[in-house]
Amino acid sequence: MSRVHFLADPHFGHRNILKYRTQFKSIGEHDNYIVERWNNAIGKNDTVYLLGDAAFTMESLEIIRSLRGQKILIRGNHDTLNAAYYLWVFKDVLGSISYKNTWLSHIPIHPSEIRRKILNIHGHTHHKKIDDPMYFSVCCEQIDYRPIAWSEILKRTDNEVSW
């Protein structure tokens, strides 16, 4: 059975991320840690929505290519390579999209931009958490550096919206 998962801000190949993720001694250690956690959580038929800041170099795209599952990229502010390169690795490359009565985005959507109260699954904020039940961060730092299953998000959100 295939499942859907979410993860944001892996920053593969981004050496400057080590200034904030000080538990890692090198970008290689950082990347390998996320790869191991990803591949332990994801099956070959699973789908992972990667909500931005995925890869900074062609070499880091190779890392993503090696990860299990079908991958869909919601572009983030650091995903600056040409879209054609991302399409080499990802099944699709998108901006913010609707998914089962939620909004998937890299940067949290401002409340005035959402017509009704629905959950916004997002990245970008890293360690910072938005104190509002309508926002759910899937930044690596907030979900233990491993993709989180849709079913787990539903358990954690306690949302009254009909999924």
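Modeller: In this predicted model, a residue is termed buried when its relative accessible area is under 20%.

Colleague: Is Cys 139 buried or exposed?

Modeller: The threshold for a buried residue is a relative accessible area under 20%. Cys 139 has 0% relative accessibility, so Cys 139 counts as buried.

Colleague: How many disulfides does a search of the whole structure find?

Modeller: A disulfide requires two cysteine sulfur atoms within 2.5 Å. Cys 140 also counts as buried, at 0% relative accessibility, but its sulfur is 7.7 Å from the closest cysteine sulfur, in Cys 139, which is too far for a bond. For the whole structure, the number of disulfides found is zero.

Colleague: Which residue's side chain makes a polar contact with the side chain of Tyr 145?

Modeller: Tyr 145 is placed in the loop between strand S8 (135-137) and strand S9 (148-149), and it is buried, with a relative accessible area of 7%. Leaving aside neighbours within four places in sequence, its contacts include Leu 7, Arg 21, Gln 23 and Cys 140. The side-chain polar contact, at 3.1 Å, is with Gln 23.

Colleague: What distance separates the C-alpha atoms of Tyr 145 and Asp 9?

Modeller: Along the chain, Tyr 145 and Asp 9 are 136 residues apart.

Colleague: With which side chain does that of Asn 120 form a polar contact?

Modeller: Asn 120 belongs to strand S7 (residues 119-122) and counts as buried at 0% relative accessibility. Beyond four places in sequence, Asn 120 is in contact with residues including Trp 103, Ser 105, Met 134 and Phe 136. The polar contact between side chains, of 3.0 Å, joins Asn 120 to Ser 105.

Key. Residues are numbered from 1 along each chain as its sequence is written. This is a predicted model: local features need pLDDT of at least 70, side-chain atom pairs count only at pLDDT 80 or more; totals for chains, interfaces and linings use all residues. Side-chain values use heavy atoms; hydrogens and water are left out. Helices (H or I, at least four residues) and strands (E, at least two) are DSSP runs, numbered from the N terminus. Buried means under 20% relative accessible area, exposed over 50%, partly exposed in between (1.4 Å probe, protein chains only). Contact means heavy atoms within 4.5 Å. A polar contact is a pair of N or O atoms within 3.5 Å; within protein, one must be able to donate a hydrogen and the other to accept it, and residues adjacent in sequence count only if both atoms are side-chain atoms.
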